[in-house]
Amino acid sequence: MPDVKHFDPDAVLETVMRLFWRQGVASTGIQDVVTVTGLNRSSLYATFGGKQELYRAALRRYIGERSGPAFRRLAEDGRGLPAVADFFTGLIEVRCTGPYARWGCMASNAHAGPENGDPDVRAALDQHHRQLRDTIRAALLTARGQRQVAPGADLDDAADLLALLAYGVNLRSRAGADAGELTRTVTAALDSLRPAS
């Protein structure tokens, strides 16, 4: 007879994702996972594999369910530079206030942690970065069409700069940076792209 799971693997993965997101992989032991999920080790291992496999699954979930929708909203917003500004406003708000304040971004946290030594994690982070940069570049292309960006601005360089700024916002907010300070930096970056008055 097959073993019947008496728990919802999707709900468990959501719980574990939040644990890794908040604490990072280096600071999270398998006992922490057991404690937060209420499952025993054998159930966790049988369903997800070891800690590293569980982390990879949690990171994929984060990218798919947290980053993906934010990228899609920006990609589908046809307002150009105001859409990019709103993307950063929302990013700063969620990173500095509410239940996830000072958690940073799980992907950004992984860029800065030892977990990026795993080739599968690195591949996920590279894909995340490409999606972020390409989404921002598409919004900047729309902005250029609406004459919101200086004619000589290099959109590839600008998209790279803004993607790196998004990672910076995530990491600085995790360290407790002031939302107003982060907003001023983003505003300065976006203003540097606008046509001269």
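A: Let's start with a word we'll need: a residue counts as buried when its relative accessible area is under 20%. By that rule, 44% of the 197 residues in this chain are buried. Keep in mind that the model is a predicted one.

Now a quick look at the whole chain before we zoom in. Its secondary structure comes to 9 helices and 0 strands, and its C-alpha trace spans about 70 × 35 × 30 Å along the principal axes. If you take the contacts with a separation of 6 or more, 70% of them join residues 24 or more positions apart.

How do we look for empty space in the first place? Rolling a probe the size of a water molecule over the atoms shows where it is left.

The largest pocket holds about 460 Å³ of space. It has 25 lining residues, and the closest to its centre are Arg 66, Ala 70, Arg 73, Phe 87 and Leu 91. Helices H4, H5 (81-96), H7 (119-145) and H8 (155-174) each give at least two residues to that lining. H4 has the largest share, with 8 residues. Sort the lining by class and you get 13 nonpolar, 5 polar and 7 charged residues.

The second largest pocket has about 150 Å³ of space. Its lining includes Arg 60, Ile 63, Gly 64, Gly 68 and Phe 71, along with Ala 124, Gln 127 and His 128. The elements that supply two or more residues here are H4 and H7. By class, this lining has 3 nonpolar, 6 polar and 1 charged residues.

H4 covers residues 51-76 and packs against H1 (residues 9-23), with their axes 9 Å apart and at an angle of about 90°. Angles from 65 to 115 degrees count as roughly perpendicular, and that is why H1 and H4 get that description. On the H1 side, the residues that meet H4 include Leu 13, Met 17, Phe 20 and Trp 21, while H4 brings Leu 54, Tyr 55, Arg 61 and Tyr 62, among others. The residues of this contact divide into 10 nonpolar, no polar and 7 charged. Look out for Arg 66 too: this residue is part of the contact with H1, and it is also one of the residues closest to the centre of the largest pocket.

Definitions and conventions:
Residues numbered from 1 in each chain as written. Predicted model: local features only at pLDDT ≥ 70, side-chain atom pairs only at ≥ 80, totals over all residues. Heavy atoms only, no water. Axes fitted to C-alpha atoms, helices over the stretch in contact; angles between N-to-C directions. Helix = DSSP H or I, 4+ residues; strand = E, 2+ residues; numbered from the N terminus. Parallel < 35°, antiparallel > 145°, perpendicular 65-115°, else oblique. Contact = heavy atoms within 4.5 Å. Nonpolar A, V, L, I, M, F, W, Y, C, P; charged D, E, K, R; others polar. 1 Å grid on protein atoms, 1.4 Å probe; cavity = no way out; pocket = protein on both sides within 12 Å on 5 of 7 lines; lining within 4 Å. Points joined across faces, edges and corners; volume = space filled by probe spheres on them. Buried < 20%, exposed > 50% of the residue type's maximum accessible area, 1.4 Å probe, protein only.
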